[in-house]
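The structure is shown first.

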Amino acid sequence: MIILAIIGFTIAWVYYGTINRSADPRVKPAQIMYGRYNVYIAENNPTKVLELLDSIQDVYLAIAHYRNSYEMGVVLNNRASVFLTLALNDTVNEERRQLHFLLAKKYLEQSIDYYTGWIDKFGNKDAGEVFDIVHDSFTNDSLLKNNKYLDAIINNRVKEIASAQAETPRRLSVSYANMGIIHRHQNQLDEAVSYYVKALDLWSENLAAKNNLNVLLGEPIEKQSFFRKLFPPDKN
């Protein structure tokens with residue numbers, strides 16, 4: 001048992017050591033900060049969440065490669081979600097509620113711009129083309145070019161982008177669905193339908209978009225089956 005424990009520890013040490021070495025050290029602070037994100041969400045502390053997202057955004061904006069990345073779209077969509085939640089839960093002050101809808105819409109529009117721009121640049125590129133872009137960007141950065149793990153960092157980023165090529169259309173679908181929710185609650189029903197349709201064109205399994213559209217069309221709400229929860233549709 002002791003020998004097995006030692007072997008298990010060694011494998012874990014090598015595995016996680018490899019992961020840590022291949023992570024881009026320039027954005028590691030943002031990844032660490034994201035560890036507190038769910039904590040603040042669980043505490044229902046929107047002020048702390050927004051402050052944290054500001055700090056995460058500053059990390060990405062400071063690095064040319066990430067300045068127009070899908071990560072920026074994620075930050076902006078998360079910020080929009082905070083204001084959208086505040087608006088939907090505010091049943092007391094209509095002026096404040098509309099202000100929160102306005103801020104949510106502003107950040108959703110920005111997230112949509114980032115997502116669509118990133119998809120236009122990377123969406124159809126193969127692994128070789130992505131590697132060339134990342135390699136040129138990372139080897140020309142003074143903070144990275146002398147890093148002894150640079151090859152691992154570049155390869156890891158290529159893998160992240162490959163994953164994002166599948167995921168980002170779904171992220172964009174979420175942004176469109178949230179825009180639909182805003183327009184629906186502002187009684188702009190044609191606009192709401194348009195955004196729900198856009199969301200479903202990108203991701204047909206977007207249940208939020210599907211059910212909000214069903215409400216507008218007078219159709220029954222579709223519940224996610226237990227089987228689908230266990231075996232969600234392929235992300236690709």
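Entry 1. What covers the buried residues of α2? I was working with a predicted model, and in it I found that the cover includes α3 (46-61) and α4 (70-89). I then listed the buried residues of α2, which are A30, M33, Y37 and Y40. For the spacing I recalled that an α-helix has 3.6 residues a turn, so residues three or four places apart point the same way.

Entry 2. I looked along the axis of helix α2, residues 28-42, and noted a kink of about 25°. The kink is centred on G35. I next checked what comes after α2 and found N44, whose phi is positive, near 55°.

Entry 3. I turned to S173, which lies in helix α7, residues 150-185. Is S173 buried or exposed? I recorded a relative accessible area of 0%, and S173 is therefore buried, the cut-off being under 20%. Leaving out residues up to four places away in sequence, I listed its contacts: S173 touches A199, L200, L202, W203 and N206.

Entry 4. I also examined V158, another position in helix α7. Its relative accessible area is 13%, so V158 too counts as buried under the 20% cut-off. Which residues does V158 touch, not counting residues up to four places away in sequence? I found A127, V130, F131 and V134. For the pair V158 and V134 I noted a separation of 24 residues in sequence and 7.0 Å in space, C-alpha to C-alpha.

Key: Residues numbered from 1 in each chain as written. Predicted model: local features only at pLDDT ≥ 70, side-chain atom pairs only at ≥ 80, totals over all residues. Heavy atoms only, no water. Helix = DSSP H or I, 4+ residues; strand = E, 2+ residues; numbered from the N terminus. Buried < 20%, exposed > 50% of the residue type's maximum accessible area, 1.4 Å probe, protein only. Contact = heavy atoms within 4.5 Å. Bend = angle between axes of the 7 residues up to and from the residue.
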